[in-house]
Amino acid sequence: MSQVRVPVRPLGAISETFRADLDAAVTPQIEAQVTAFVDKALSPATRVIYLVGCGGSLFMFGAMRFLLERSPIPVVALNADEFMLRRPAALGPGSVVIASSTNGGTPETARAVRFAREAGAPVLLVTKDPDSLVAKEAEDVVLHRSVEAKQVLQGLIAYALLRAQGVADDYDEALAVLRSCSEAFETSVRELDERLRDIAAACVDEPCVYVLGSGPLEGAAQTFAACYLQEMQTKHAVATGSGEFLHGAFEVVDGTVPVIVLLGEDATRPMGARAVSFLERYNQRNHVVDGASLSLPGVPARLRATVGSFVMASCVTARLAQHFEAFSGRPLSERRYMWRVEY
C-alpha cells in the first residue's frame, strides 16, 4: 500500500455565497417562471419527458430523475449527442425537454436544444449563464449559481412537473423545505468534512478508485468518478451502480481495493447496504458516506431521502473533490484535453 501524503495545497474554502446561492434557486420569481413553462409545455398529448445533457450535467439529473419516477408520463435521460443521433420518434410537440449545461458552453447540448425546438418540443434550459452558447439556442432559460443550487432548482422543476400531473400532494411542503434548505446543505458539509478528508487521504495515491451509488445517488457516483476524479484529477476511477456491483465489479475485490460507497435514505438503500455488507466481509479499504448520518436541520422525515439525495449529489461530492485536490496538489480547474484540443 502506498504511503498517504499530507496535503500539499490549502483546502478550498466554503464559498461566502454558498447559502445565498442556494436561496436564490427557489425564489417566488423562479418558481413562477418554472410553473409558467410547465403549464405551457405539458398537455394531455404529452407522451414523454426528456432530460438532456452531457457529462456531469447529465449525471446530475440522477436525483431529479428518481423523483420523477412518480410521473405518469415516462421520463428518459439521454446524452445530448445521442439524443440527436437516435432521433426519438416521440420527440415533438408531444414531448417536453429539460436540458442542462452548467456553464452553458457545451456545443452538443446547444445543438440538442436547437434540434428539440426545431422538432416542435418545448425546451427548458437549466444553466448559469444567460448569454452562453447553449442559452442562445433556448427560448426558456432558468438560472442557478452553483452545483448545489442546480440540484435544488431541479427539485423545483420536478415538483412542478409532478403537480401539473396531479401527483404532488406534498408540493407545498416540499417547496417550503427547498426554499429553506441552505442550512441543511452547509451543515452537511461541516458534519462530514473530517470524514471526507480521511477518505481523500486514504485514496489519493491509489491507482484506481471504485465509487458506488444506487437510485438517486448512482448519478452522484458517476459524477464523482468521471468528472471529479477522471476529468479534474486525471485519476483512474470506476463508477458502478450498487445494484450492479454483483454483476462484474465485485469480482475485482481482493481485500485491498479502495471503494467509496454513497449511501442514501431512499428506497434503493437496501442495494447499497448489501454492497457494504459484502465489502465488510471481503475488503479492507471501504469508505462509506451515509446520508442517514446527516442531521439535515429543518428537513422533515418524509423529505429526508429527497433533500439528502440533493445534498449528497452536490456539496458532499464537491467537497470530497476539494479534499482530493488538497492532497494531490492538482487544481480542480486544470485539464489535459478539455478546452485545449479539438474533439
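Tutor: Two strands are said to pair if DSSP finds at least two bridges between them. Helices (H or I, at least four residues) and strands (E, at least two residues) are DSSP runs, numbered from the N terminus. The model is a predicted one, in which local features need pLDDT of at least 70 and side-chain atom pairs count only at pLDDT 80 or more, while totals for chains, interfaces and linings use all residues. Residues are numbered from 1 along each chain as its sequence is written, and side-chain values use heavy atoms, with hydrogens and water left out.

By these criteria, strand E4 (residues 123-127) is joined to E5 by four bridges in the parallel sense. Within this pair, Val 126 has Val 142 of E5 as its bridge partner. Both strands belong to an open sheet of five strands, ordered E2-E1-E3-E4-E5 and paired in parallel. Strand E2 (75-79) and strand E5 (140-143) each have a single partner strand and stand at the edges, so one side of each is left without a neighbour in the sheet. On average, neighbouring strands of this sheet are turned by 20° against each other, direction ignored; axes here are lines fitted to C-alpha atoms, for helices over the stretch in contact, and angles run from 0 to 180 degrees between N-to-C directions.

Helix H2 (residues 28-41) lies across strand E3 (95-101), E4 and E5, and runs at about 150° to E5. Helix H6 (residues 107-118) also packs on the sheet, where it touches strand E1 (48-53), E3 and E4, its direction making about 165° with that of E3.

A second open sheet has four strands in the order E7-E6-E8-E9, again with parallel pairing. Its edge strands are strand E7 (237-241) and E9, each of which pairs on one side only. Neighbouring strands of this sheet are turned by 20° against each other on average, direction ignored. Five bridges join E6 to E7 in parallel, and Gly 213 has Gly 241 as its bridge partner in E7. Strand E6 (residues 209-213) also pairs with E8 in the parallel sense, over four bridges; here the partner of Gly 213 in E8 is Leu 262.

Strand E8 (residues 259-263) is mostly covered, as five of its five residues are buried, where buried means under 20% relative accessible area, exposed over 50%, and partly exposed in between (1.4 Å probe, protein chains only). Val 259, Val 261 and Leu 263 are buried on one side of E8, and Ile 260 and Leu 262 on the other. Helix H9 (residues 182-203) packs on E6, E8 and E9, its direction making about 155° with that of E9. H12 lies across E8 and E9 and runs at about 150° to E8.

The packing continues into the interior. A nonpolar core is a set of buried Ala, Val, Leu, Ile, Met, Phe, Trp, Tyr and Cys residues joined through side-chain atoms within 4.5 Å. The largest such core has 84 residues, of which Ile 98, Ile 157 and Phe 185 touch the most other members. Helix H12 (residues 304-328) gives the most to this core, with twelve residues. Domain 1 (17-168) and domain 2 (183-328) both contribute residues, so this core lies between them; the domain bounds come from an automatic or database domain assignment. Leaving aside neighbours within four places in sequence, Phe 185 is in contact with residues including Phe 18, Leu 22, Val 152, Val 307 and Phe 310. Apart from this core lies another, of 23 residues, among them Phe 83, Val 134, Ala 138 and Val 141.

Between the two domains, 18 residues of domain 1 are in contact with 22 residues of domain 2. The centres of domain 1 and domain 2, taken over C-alpha atoms, are separated by 26 Å.

Finally, the cysteines. With a disulfide defined as a pair of cysteine sulfur atoms within 2.5 Å, the count is zero. Cys 181 is in no disulfide, the nearest cysteine sulfur, that of Cys 315, being 9.4 Å away. Cys 181 counts as buried at 2% relative accessibility. The sulfur of Cys 203 is 10 Å from the closest cysteine sulfur, in Cys 208, too far for a bond, and Cys 203 counts as buried at 0% relative accessibility.

Methods: Contact means heavy atoms within 4.5 Å.
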